[in-house]
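Take a look at the fold shown here.

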Amino acid sequence: MIAVVCIDDKNGMTFNRRRQSRDSKLIEDLMRLTGEKQIRMKEYSRSLFEDYPDRISVSDTYLQGAEDDDICFVETDDLLPFAEKIQGLIVYRWNRHYPSSTKFTLDLGSYHLTRTEEFSGSSHDTITREEYER
């Protein structure tokens, strides 16, 4: 699977139990990057993809059922139990620090950074996208 996460400078995924991933330009970037592929997610994330209803697949077991090339948008789930299934990562960094309530726990040291790109978001002046492969 290819996991997509949004994190702050200290690997926080949520702050004050709220998502960090609400940025329309980030969603546009992800949809452009993934072409026609379906994005797997849980119900919690559906509202971020309202403009792309035909491009998403929603299930509470989206990580358990993910296969090799499936793209999974992960906002609140711990990826550590699925580490062996993860072939790649797309990491969106906010380039700031929030008081986090959920952390990204995977060690990126076992992945190779293949690409980095910065763009202006709708909520942040600069968002950094990093792409990793195993």
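Predicted model: local features only at pLDDT ≥ 70, side-chain atom pairs only at ≥ 80, totals over all residues.

Residues are numbered from 1 along each chain as its sequence is written, and side-chain values use heavy atoms, with hydrogens and water left out.

Seven strands run in the order 5-4-6-1-7-10-9, with mixed pairing. Strands (E, at least two residues) and helices (H or I, at least four) are DSSP runs, numbered from the N terminus. Two strands pair if DSSP finds at least two bridges between them. Strand 5 (56-58) and strand 9 (112-119) stand at the edges; each has a single partner strand, so one side of each lacks a neighbour in the sheet. From one strand to the next, the twist averages 25 degrees. Angles run from 0 to 180 degrees between N-to-C directions, with axes fitted as lines to C-alpha atoms, for helices over the stretch in contact.

Now look at strand 1 (residues 2-7) and strand 7 (residues 88-93). They pair in the parallel sense over six bridges. Val5 has Val91 of strand 7 as its bridge partner. Helix 1 (residues 24-33) packs on the sheet, and its direction makes about 155 degrees with that of strand 7. The strands it touches (heavy atoms within 4.5 Å) include strand 1, strand 4 (39-41) and strand 6 (71-73).

Cys6 is buried (under 20% relative accessible area, where over 50% is exposed and in between is partly exposed; 1.4 Å probe, protein chains only), at 3%. Cys72 is buried too, at 0%.
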